[in-house]
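Try each task before you read its solution.

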Amino acid sequence: MALMQRLRRLIRRPLSASTVGARRPSPSAPRRGDAGHEDALRAQLTDDPNNEEAFSALAEIVRRRAAEDPTLEDPLRDSDEIPESKQQEADLAVWALAEELAGHPRGWYPLIELGRLSLADDPEGAVRRFTTAAERDPDGNALVEGLAILREAGMPVEALGLGVGHWRVREHPPEVGRHLVLAALEADRVHEAKQHLRALETHPDARATARLRDELAKRIAEAGPA
């Protein structure tokens with residue numbers, strides 16, 4: 001319970017303006033076997049905080065370390081507290097990593113990870129993080145990720161709110177439109193789904209939208225009249 005309370009406090013804490021990508025071990029801590037790899041990954045993320053492959057690799061390192069080392073530095077841990085869950089410890093470690101990287105003004109992928117981790121305990125905060133991520137990414141990839149996470153979590157109305165405010169049809173991937181059509185259907189808004197499908201048809205990639213149009217039109221027809 002205490003560990004979950006710490007995670008919830010981290011989730012609700014404002015984003016830190018700490019040094020982006022800086023590793024914060026104790027000066028006396030021994031160098032680990034994967035330290036060189038970790039440093040290289042952090043350097044990549046400092047240059048490009050949206051490098052999903054580098055983030056995933058670094059997250060795996062910090063997850064493994066958290067699971068192996070229950071004394072890993074945690075500013076919210078009482079000195080005599082024993083971890084209750086290795087998985088929660090790993091989530092805390094990844095949260096701290098994502099929070100550091102989210103301080104980068106172009107960093108949208110870390111915000112997606114923060115939103116994913118906070119969705120269950122702080123859905124409103126998660127949506128705010130997805131919104132900020134979408135605003136930081138003119139290419140629309142952050143929007144695709146945020147919509148997918150919200151739909152998977154059974155939050156189609158929130159997905160619609162996020163997408164309608166940020167979708168630029170002619171600039172973003174067609175997948176954004178697909179998520180919006182499906183979210184509208186999941187929210188029992190068939191008329192809105194039809195509107196999003198019509199908007200999607202104006203996308204300049206006619207070949208990609210043609211494939212989606214057939215799939216989505218079938219789903220709309222199966223949903224019945226508006």
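**Exercise 1.** Find which residues have the most contacts inside the largest nonpolar core.

*Solution.* Keep in mind that this is a predicted model. The largest nonpolar core holds 55 residues, and Phe55 and Leu150 have the most contacts inside it. Next, look around Phe55: leaving out residues up to four places away in sequence, it touches Leu45, Val94, Leu97, Ala98, Leu101, Tyr109 and Glu113. As background, nonpolar side chains in soluble globular proteins tend to be buried together.

**Exercise 2.** Work out how helices α7 and α8 are oriented to each other, and which residues make their contact.

*Solution.* Start with the axes: those of α7 (residues 141-152) and α8 (residues 156-166) come within 8 Å and cross at roughly 165°. Angles over 145 degrees count as roughly antiparallel, so α7 and α8 are roughly antiparallel to each other. The crossing is left-handed. On the α7 side, the contact is made by Leu143, Gly146, Leu147, Leu150 and Arg151, and α8 brings Glu158, Ala159, Leu162, Gly163 and His166. Sorted by type, the residues of this contact are five nonpolar, three polar and two charged.

**Exercise 3.** List the buried residues of α8, then identify what covers them.

*Solution.* The buried residues of α8 are Pro156, Ala159, Leu160, Leu162, Gly163 and His166. Their cover includes α6 (123-136), α7, α9 (174-186) and α10 (190-200).

**Exercise 4.** Describe the protein as a whole: its secondary structure and its share of buried residues.

*Solution.* Count the elements: there are eleven helices and zero strands. Then turn to burial, where 46% of the 226 residues count as buried.

Technical notes. Residues numbered from 1 in each chain as written. Predicted model: local features only at pLDDT ≥ 70, side-chain atom pairs only at ≥ 80, totals over all residues. Heavy atoms only, no water. Core = buried A, V, L, I, M, F, W, Y, C linked by side-chain atoms within 4.5 Å. Buried < 20%, exposed > 50% of the residue type's maximum accessible area, 1.4 Å probe, protein only. Contact = heavy atoms within 4.5 Å. Axes fitted to C-alpha atoms, helices over the stretch in contact; angles between N-to-C directions. Helix = DSSP H or I, 4+ residues; strand = E, 2+ residues; numbered from the N terminus. Parallel < 35°, antiparallel > 145°, perpendicular 65-115°, else oblique. Left-handed = near helix turned anticlockwise from the far one by under 90°. Nonpolar A, V, L, I, M, F, W, Y, C, P; charged D, E, K, R; others polar.
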